[in-house]
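Subject: Structure handover

Hi there,

Here is the structure I promised to pass on to you. Have a look at it first, and then read on for my notes.

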Amino acid sequence: MHDAIRIKGARENNLKNITVEIPKNKLVVLTGPSGSGKSTLAMDTLQRECQRQYMESMGMVADAVGKPKVEAIIGLSPSISVGQHVTNRNPRSTVGTVTDIYTYLRVIFARAGERPCPACGQTVPPPRASTTTYGGGGDDDTQQPEWVDCPHCGAKLERLSSSHFSFNVPEGACETCSGVGEVATLNMAAIFDPTKSLRTGGVTMFNNEMWTNYQIGILQAAGKHYGFTFDPDLPVGEYADVQRDLLYYGAESEEFSRHFPGVKPPKSVAAGRFEGVITGLWRRYKESGTGSEGGMTSAEFFQQATCPACQGAKLKQSSLAVRVGGVGISEIADWPLGAVAAWAERVRSELSAESLEMLETILAIEVPTRLRRILDVGLGYLSLSRQSITLSGGEAQRLRLASLLGSGLTGVLYILDEPTAGLHARDTAGLIAVLKQLRDLGNTVLVIEHDVEMMRAADHVIDMGPGAGSVGGRVVGEGSLADLMAAPESVTGAHLRAEQRYKPKPTRRQGTGQFLTVRGAHARNLKNVTVSFPLGCLISVTGVSGSGKSTLVFDLLGQGAKGNLQPEGCDGLSGLEHVHNWVTVDQSPIGRMQRSNVATYTEIFTALRNLYASLAEAKRLKLTAKHFSFNTPGGRCEHCQGLGVVTVGMMFMADIEVRCPACKGRRFQEEVLRVTYEGRTITDVLDMTVQESLALFEGNPKMAEMIRLLCEVGLGYLHWGQSVRTLSGGEGQRLRLAAELANRSKKHTVYLLDEPTTGLHPADVRQLTVLLEKLVDAGNTVIVVEHNLELIRESDWIIDIGPKGGAKGGQVIAQGTPPAVARVAESYTGQYLQDMLG
């Protein structure tokens, strides 16, 4: 029996033929600088070999999953990988549906719900097991209609089933919004400018002279048909009702035809059958969901608004009226999960013996257990109605981790990719306890992590390095944190040694004396707070997860970028006149297309194609820049269409990508690959890391500047050809930041950043901090929503929101310099800063 997983001779990517042992049934942390080889070792070597051997054991052809470059892996266990990428992009997917807690709520409401009788208005209790039904029996969700009698007036009511509380089926979904909770409304200000005429831009859709004149001709023909004049030089806002209704709704609409009840519409467009601007937009929106016209998209003309019928609750009114414990299901879905747990316990104590007998397992075991696991991983501030697509990578990963706790599996290798991402230091202890539970069940837990507290709690730490890319790929330290501190090559150990010698900043920036102020913020869980941000400073907005940081900074202050002085959710913004430019960089995915990679996103690929097309060999072969693009036919491999990989369907398992057998992953045809620059083909460049390419393109000023910026934000380890879909939220954000910095303005700019340290080793955090300090020293303001204590410690000003998440957050707990916040006893951030400041 092997007591360790022994990896021998690993050479994948930048790994330097390493041999390492991972002790079984232990909590093991794999750390090191970004790009040092951690993910290559854990995911591309260990996890891939687990997947390949599993397929072999199932009698499946394992050639599709190429064997990693490793001599041998001994003592391998079945593995489960828990990454940071949110794969479910369905807007109907919520925290409640992915955890099945909402499913159990639906059963509770179907079996124990009280509702008003539509005939007499009195309360109808849940039907007893012996209650007469009409239409036959069956399970809870039988499609055959059943009826129960109102005990007060005898009216027949449809028997409730769990489908009546689902927003994904017709039985329960609001008919107005189809269970989405929102409806599209037209942004009239974006479509019409009442101060301008049709010829001068009164209808923004008419965005070129030829199209405008064509539409004017139809409108004038319609006016002639009905006997009135349509003046295209009159401001749109001055039209009479008849002209306005024709322009807005068209000749065949009820709004216009009421003016001429006895006149038939024109028979053709040329004769004046004008569709109407608004009518046409709605038609295109319903047909394609885009509402596009002349290159403009629906985002410019449509906006989402809360459904007027259900007020965002997604269900029919008859379902919303049902009560259990005096509360409706939509109200419970909006509560933080901690409050849901308290409600379930109260309902269990209040239900009748008969109802409790049907729901005992759900109320006593299923719901409390699932909720407790989620609370343990620090996500108690979430609500069941929270859309899955709005979760950060760290939140999605911890949510999946909570579900794994209930699986009861033993002897499994769990591989987790930075589960502390987006987690306040206060909540890290709870996550560590969860991982130790997995370990104590008899599993091996391998965590790719940079958090020092996680390393301190680990049974074994493996440090990769010493650097990124070609200068990484070796094990530079193993054992406890004390062992790493004694290892001469360990970057993690060097950082820990430097922390022991840390001296706080003697002075901090005072700012320009001007402020951005959010007044009376009451959006979501904010408690009517007024917050001022000093300009000319590095500002950290801190607090536990779900306390209201992102709401304050991105939902409210971020409206300043749009010039909105009074966004919904606060009494107003002031100080915007002091800001010339805004740059908002959050953690939303930067691309979903498989073809978008680091080179294309940063526009380096355009310069690269032009460079190769200008070479003598390319000109001899009559190759243009188009031939060096993998996105268009001509020079690319058509078997994989320039991707270098093809997708293989795995039936009940997730599809996998394998190297293209035609081009061997090189993306291009042989003719294109004959062209080399400094001995490298364009495929070779795409396979290079950003850091490695700096020496190659040092002589190209534009490319060299972008490469240096990427290295400064800690992304030098990325490969140019790496798909942006594979990037974590933090990596995507820093890529955006580098792209913005390449076009930075010399005027005062406010940068709004959402946890830019996500995925960074402490040594890389220091490098990013230096970059942010440079931005401030250049006369800008940087505001970061952040959990990383090292960046927070270096800030000029801290705004701490809390004290807790959800309904228990939303207050300003402390404001001031880091030493000042560290003295506030009520501040969780301050408590941890005390230890760091010494």
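The buried set consists of Ile604, Phe605, Leu608, Arg609, Leu611, Tyr612 and Ala613. Among the elements that cover these residues are α20 (598–601), α22 (616–620), α24 (682–687) and α26 (701–712).

Before going further, please keep in mind that this is a predicted model.

**The whole chain**

The protein contains 31 helices and 26 strands. Its radius of gyration is 31 Å, close to the 28 Å that the globule rule gives for 838 residues, so the protein is as compact as a globular protein of that length. The C-alpha trace spans about 90 × 80 × 65 Å along the principal axes.

Of the 838 residues, 51% are buried. If you take the contacts with a separation of 6 or more, 66% of them are between residues 24 or more positions apart. The exposed surface comes to about 36,900 Å², and carbon and sulfur atoms supply 50% of that area. As for charge, there are 85 positive and 89 negative side chains, and the centres of these two sets lie 3 Å apart.

**A set of parallel strands**

I would look at β12 and β13 next. Strand β12 covers residues 413–417, and five of its five residues are buried, so β12 is largely enclosed by the rest of the structure. Leu413, Ile415 and Asp417 point one way from this strand, while Tyr414 and Leu416 point the other way. Note that Asp417 is buried along with the others.

Strand β13 (residues 444–448) is mostly covered too, with five of its five residues buried. Here Thr444, Leu446 and Ile448 point one way, and Val445 and Val447 the other.

How many bridges join β12 to β13? There are five, and the two strands run parallel. Within this pairing, leucine 416 stands opposite valine 447, and the bridge partner of isoleucine 415 is leucine 446.

Strand β5 (residues 79–82) pairs with β12 in the parallel sense over four bridges, with serine 81 as the bridge partner of isoleucine 415.

**Two loop residues**

Glutamate 114 sits in the loop between α3 (101–112) and β6 (115–116). Its relative accessibility is 40%, and it counts as partly exposed. Arginine 323 is 209 residues away along the chain, yet the two C-alpha atoms are separated by 5.1 Å. Beyond its neighbours within four places in sequence, glutamate 114 is in contact with Thr123, Val124, Pro125, Pro126, Ala321, Val322 and Arg323.

Valine 579 belongs to the loop between β19 (572–574) and β20 (581–585). Is this residue buried or exposed? At 10% relative accessibility, valine 579 counts as buried. Not counting residues up to four places away in sequence, valine 579 touches Leu516, Leu535, His748 and Val750. From asparagine 13, valine 579 is 566 residues away in sequence and 45 Å away in space, C-alpha to C-alpha.

**Backbone points to check**

Most residues other than glycine have a negative phi, and most peptide bonds are trans. The following places depart from that pattern.

- Glycine 465 and proline 466 are joined by a cis peptide bond, with omega about 0 degrees. Proline 466 is in the loop between β14 (460–465) and β15 (474–479).
- Glycine 802 and proline 803 are also joined by a cis peptide bond, with omega about 5 degrees. Proline 803 is in the loop between β25 (797–802) and β26 (811–816).
- Asparagine 528 has a positive phi of about 55 degrees. This residue is in the loop between β16 (515–521) and β17 (529–534).
- Glutamate 678 has a positive phi near 55 degrees. It lies in the loop between α23 (670–673) and α24, and with 62% relative accessibility it counts as exposed.

Best wishes

Key: Residues numbered from 1 in each chain as written. Predicted model: local features only at pLDDT ≥ 70, side-chain atom pairs only at ≥ 80, totals over all residues. Heavy atoms only, no water. Rg over C-alpha atoms; globule rule 2.2 N^0.38 Å. Buried < 20%, exposed > 50% of the residue type's maximum accessible area, 1.4 Å probe, protein only. Contact = heavy atoms within 4.5 Å. Areas by Shrake-Rupley, 256 points an atom, 1.4 Å probe, with all protein chains shown as cover. Lys, Arg positive; Asp, Glu negative; His and termini not counted. Charge placed at Lys NZ, Arg CZ, Asp CG, Glu CD. Pairing = 2+ DSSP bridges.
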